[in-house]
Amino acid sequence: MARLARLSLPGQVHHVLQQGNNQQPIFLDAQDRDAFLGSLADSARTHRVTIHAYVLLSASYHLLVTPATTEALSLMVQALGRSYVRYFNRRHARSGTLWEGRFRSSVLEAPVYLLPAMVGLDWAPVRAGLAAQPQDWAWSSHAHYLGLRVDRLIAPHAQYWALGNTPFDRENAYAEMVRAGLDEAQWQRMEGAARGGWALGSEPFLQALNTQGATRRLTQARPGRPRKSHPLD
């Protein structure tokens, strides 16, 4: 079966996921994570991709981003990958690939999925057994959104600004969302969409993506007999 073309649309929020080859660690310590974030900042600035949220685990990373052009996301991740792999291989005296294939991504309907996806990223270190609580993990955008530190990599999305009229209001509202957590099924749906390269959103949102220029199927086909042709296919 032919590989689906990557779904990348300017002005839309994308959930990006990439992991280490054979699930090997891609970060061994704080220096590695600092180097990665530095490369991410440079690549995002060069290729005009806005970073809304991130989390660095041991063998993978997640980003929530908005690219300015159709090509911006792929160019950013490619530049980031080249820069970081050179650094990682040199520092750890190794050679060869670090990544397990190409990066995965999905397009999210921001009013529905952006804030839940941010909460999902905040809880990822807890799910992975790396921290007891989201605030215990330094390598995510969690602390920025709670006002605990300023992370210059981050540009909050309009959905976050809409949480309140003051920084205090927004931070409290977001902290409450994080405390409430995210239903596991909802996170699995978002992560599965990123791994499969699908869009997540309402029917009007999917229709709008086609109008914007999406040229391939946006959602996973249901099992069973092939469907008749449909405007979203």
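In this predicted model, Asp151 and Arg149 form a salt bridge, with their closest N and O atoms 3.7 Å apart. Asp151 counts as buried, at 11% relative accessibility. Arg149 is partly exposed, with a relative accessible area of 29%. Side chains of opposite charge can pair when their charged atoms come close. The structure holds six salt bridges.

Another of these pairs joins Asp29 and Arg91, at 2.8 Å from N to O. Asp29 sits in the loop between strand 1 and helix 1, and Arg91 belongs to helix 2, so the bridge ties together parts that are 62 residues apart in sequence. Asp29 is partly exposed, with a relative accessible area of 26%. Arg91 is partly exposed too, at 31%. A network of salt bridges links Asp29, Asp32 and Arg91. Asp29 has a further contact at the start of helix 1: one of its side-chain oxygens comes within 3.2 Å of the backbone nitrogen of Gln31.

Which residues of helix 1 are buried? They are Asp32, Arg33, Phe36, Leu37, Ser39, Leu40, Ser43 and Ala44. These cover an arc of only 165 degrees around the axis, which puts them on the same side of helix 1. Their cover includes strand 2 (49-56), strand 3 (60-67) and helix 2 (72-91). On the other side, Arg45 and Thr46 are exposed.

Arg45 also has a charged partner. It forms a salt bridge with Asp42, the closest N and O atoms being 2.7 Å apart. Both residues lie in helix 1, three residues apart, about one turn of the helix. An α-helix has 3.6 residues a turn, so residues three or four places apart point the same way. Arg45 is exposed, with a relative accessible area of 59%. Asp42 counts as partly exposed, at 41%. After helix 1 comes Arg48, with a positive phi near 60 degrees.

Helix 6 covers residues 167-180. Its 14 residues reach 20 Å from first C-alpha to last, close to the 20 Å expected at 1.5 Å a residue. Arg170, Tyr174, Ala175 and Val178 are its buried residues. Their arc around the axis is only 130 degrees, which puts them on the same side of helix 6. What do they pack against? Their neighbors are helix 3, helix 4 (142-145) and helix 5 (158-161). The face turned away from this buried side carries the exposed residues Phe168, Arg179 and Ala180. Helix 6 is followed by Gly181, whose phi is positive, near 75 degrees.

Helix 7 takes in residues 184-196. At its start, a side-chain oxygen of Asp183 reaches to within 3.0 Å of the backbone nitrogen of Ala185. The 13 residues of helix 7 should span 18 Å at 1.5 Å a residue, and its end C-alpha atoms are 18 Å apart, which agrees. Trp187, Met190, Glu191, Ala193 and Ala194 are buried. They cover an arc of only 155 degrees around the axis, which puts them on the same side of helix 7. The buried residues of helix 7 pack against strand 1 (13-19), strand 3, strand 4 (104-108), helix 3 (110-127) and strand 5 (199-200). Gly197 follows helix 7, with a positive phi near 80 degrees.

Terms used
Residues are numbered from 1 along each chain as its sequence is written. This is a predicted model: local features need pLDDT of at least 70, side-chain atom pairs count only at pLDDT 80 or more; totals for chains, interfaces and linings use all residues. Side-chain values use heavy atoms; hydrogens and water are left out. Buried means under 20% relative accessible area, exposed over 50%, partly exposed in between (1.4 Å probe, protein chains only). Helices (H or I, at least four residues) and strands (E, at least two) are DSSP runs, numbered from the N terminus. The arc is that of the directions from the helix axis to the C-beta atoms. Contact means heavy atoms within 4.5 Å. A polar contact is a pair of N or O atoms within 3.5 Å; within protein, one must be able to donate a hydrogen and the other to accept it, and residues adjacent in sequence count only if both atoms are side-chain atoms. The expected span of a helix is 1.5 Å times one less than its number of residues. A salt bridge is a side-chain nitrogen of Lys or Arg within 4 Å of a carboxyl oxygen of Asp or Glu.
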